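Keep the structure in view as you read.

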Amino acid sequence: MSKQDLFHDSAISHVTGESVYINDMDGGKNMLFGHVVYSPHAHARILSCDISAAKSLAGVHAVITAADIPGENQMGPVVHDEICLADDLVTFAGQAIVLIAAESMDIAREAAGLVKIDYEELHPVLTLEEAMKNGSSMGTPRVIKRGDVKKGLAGSPHTFKGELRTGAQEHWYLETQSCLCVPGEEREMNVYSSTQHPSETQAIVAEVLGISRNEVTVETRRMGGAFGGKETQANHVAAWSALLAYHTRKPVKIHLFRDDDQIMTGKRHPFHAFYEIGFDEQGRIIAYDVELNSNAGAATDLSMAILERAVFHADNAYYIPHISVVGKAWKTHLPSNTAFRGFGGPQGMAVIENAIDRIARILKKDPAEIRFLNFYGMKDRNTTHYEQLIENNRLFTLYDRLLNSSDYHNRRLAIKAFNDENEYVKRGIALTPVKFGISFTTSFLNQAGALVNIYQDGTVLVNHGGTEMGQGLHVKMLQVASSELGIDPDFIKVNATNTSKVPNTSATAASSGSDLNGMAIKNAVEKLRKRLTPLAVEILKEKDPQFEFSEERLVFQHNHVFDPAFPDAKIAFKELIPKAYLAQVSLSATGFYKTPDIHFDKTIGRGKPFHYFAFGMAVSEVEVDMLTGHYKCLRTDILHDAGKSLNKNIDLGQVEGGFIQGVGWCTTEVVKWDEKGKLLNYSPDTYKIPSVQDMPADFRAELLEDAPNPNTIKQSKAVGEPPFMLAFSVWLAIKDALSAIANHAFEPDFELPASNEVILKSARKLYEKKKD
């Protein structure tokens, strides 16, 4: 097996059940179990809270409220508007009020039943429409403009207005929010957390406990999935566990029950967009005016950064000369919505993709043709609405290859013939692209650190600031270290992420984990090679004094160090290292990397917020039963740009998995609250994530070959988030099938997700229009 074909580093232990997650960790015989008592109301005033009966229950070691917090009653990651424990007012159903630590979960749950809280229910604001009507805005609107959109619209041969609603989405990570806190000496707290952002978890725990960050150590071995849901909201469970451990001076573990996790945590932000678009007879877009409204929930969390990315990606893959994008966030009485794969990008892109589909219907053209016509150009029409140059544009290459490999045009004809023959079962097909910016849009976050230790036996331990959540980051980092040191992966181990080893890290998010941490590891290894090189040359000269060895030419390859001019004269890496130790050469090095040349001025909406763009394209064909609203995905073809892939197995897994998760958001994952703000479908029997039957019957995913990405680790590209948006091909293929009911004469009523209910209602209207 080649280094590029390495399997996930935990693949075997996952299958055998030997991988250790937080809930597998044994905190010792004194470990207590934490439980959270939360509000059943979305908006209410707390009139009284009686915990006396719960405290007196045998086996209960602590029952605490906001009054017992030694530090700040606060866990807002960016804006301090998110309290740790509610003490006066609750602002969403699922908000924590009381924490309990007991000798078993059964005792903790029994104690929770003894907590008596009286509420005065208040009116909850739950929908974007009501929040907008009430003026419940959050933060400052985000605005990016280019050209003169009013003149552009006025001068367009065709215009129309529209709106689009996109829904929430539950993260549904397999491992629910979990944390084990173990008190150390004096005020020290050791936090074993299922978090994407150990440094932020460290900061929040320190603030809540009223101690300094150097007294808190956070460690993350792995997460059982995260998808953005553990970027900030893992902090909550960590803070609660730490508070209970602080008060009891015993280890405390909190592992949320699935139903509680879904009730208490935020989702993908629902959006409601309003737009007007102008275009010519060929379908080329002249002007686009769009307002993106986001349901932020009860607190800020990452809502403003998510809104910014939605605004950045409102263009998707298309050059629009006159464009105005305005993003607004609105406060409601729902759990604070948070990061989710794509981070606002999907919500921004969905609007323009739906609008292009409508342009094609008006002009009676193939939507793929309209997309191609509006792609960013290679030499002109190649700057975004925030004036970043589109470099190394892969759109045309992807389009040509995918159109051919998917046999798109012949299948389009076959679908028309099928639809002409069938009244209540229709087929549809759609091609959709993605252009996704890679970097944190908050520029200072684009930094990473690493610590690489070489031991006297020649083995290597790599520490870096990224976290493993199933995406294969650790195996990629192992490959980087292996390549840079020139030794086999078997001699290298990637350690758990730990704030005492690599401090001040950024979240593993924004698809940047490999880019940032890979470069930091490379930097650390370069330092080690530089230290080892003079000694290696000295040893080689002693062995073969007749050769003129050069430090500049020396290479580390195939477990040896040698000068390519004299390849037979070499020293084994495992032989060099103990000699280096005896020669008092430091065998430990830190590495650091910051992404170069990225900046953005929010005041004028201009800059270069992204290091590069990732591109992808998909063609999907569906069959829809118009009497039931049920659809089947018959075939999906994906061609995705991952640069020079670090690991093809891992990257293809990310492409396929991201796409299927996107299909869930686009079709089946409906999140429902009642009129009082209670989540109605909070378990796997009522919340429909994609299953095996939702996979395309014929699934063909490939990585674009011969597409190296300059100025990145090993010329690779990020691959975590961009494939998610390729699911628009399924969403719009369903719309294409609906449109076929009336021979594409009418625009279907459509929204996201395109659930059975949405399909049925839209189909009924189209059949009625067809009769008329």
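Helices (H or I, at least four residues) and strands (E, at least two) are DSSP runs, numbered from the N terminus.

This is a predicted model: local features need pLDDT of at least 70, side-chain atom pairs count only at pLDDT 80 or more, and totals for chains, interfaces and linings use all residues. Residues are numbered from 1 along each chain as its sequence is written, and side-chain values use heavy atoms, with hydrogens and water left out.

Of the 13 residues of H14, 12 are buried, so the helix is largely enclosed by the rest of the structure. Buried means under 20% relative accessible area, exposed over 50%, partly exposed in between (1.4 Å probe, protein chains only). Among the buried residues are Leu473, His474, Lys476, Glu484 and Leu485. Glycine 486 follows H14, with a positive phi near 75°.

Now turn to H18, residues 728-739. It has 12 residues and reaches 16 Å between its first and last C-alpha, close to the 16 Å expected. Here 12 of the 12 residues are buried, so H18 too is largely enclosed by the rest of the structure. The buried set includes Trp731, Ile734, Lys735 and Asp736.

Two of these names return in the largest nonpolar core, where Ile277, Trp731 and Ile734 have the most contacts. This core has 103 residues. A nonpolar core is a set of buried Ala, Val, Leu, Ile, Met, Phe, Trp, Tyr and Cys residues joined through side-chain atoms within 4.5 Å. A second, separate core of 51 residues includes Leu485, Val561, Val585 and Tyr593.

What does tryptophan 731 touch? Leaving out residues up to four places away in sequence, its contacts (heavy atoms within 4.5 Å) include Leu164, Ala350, Phe750 and Leu752. Proline 753 sits in the loop between H18 and helix H19 (756-771).

Phenylalanine 343 is not a glycine, yet its phi is positive, about 55°. It lies between strand E15 (322-331) and helix H10 (345-363). At 14% relative accessibility, phenylalanine 343 counts as buried. Serine 439 has a positive phi near 155°. Its loop runs between strands E16 (425-438) and E17 (447-454). Serine 439 also counts as buried, at 3% relative accessibility.

Methods: The expected span of a helix is 1.5 Å times one less than its number of residues.
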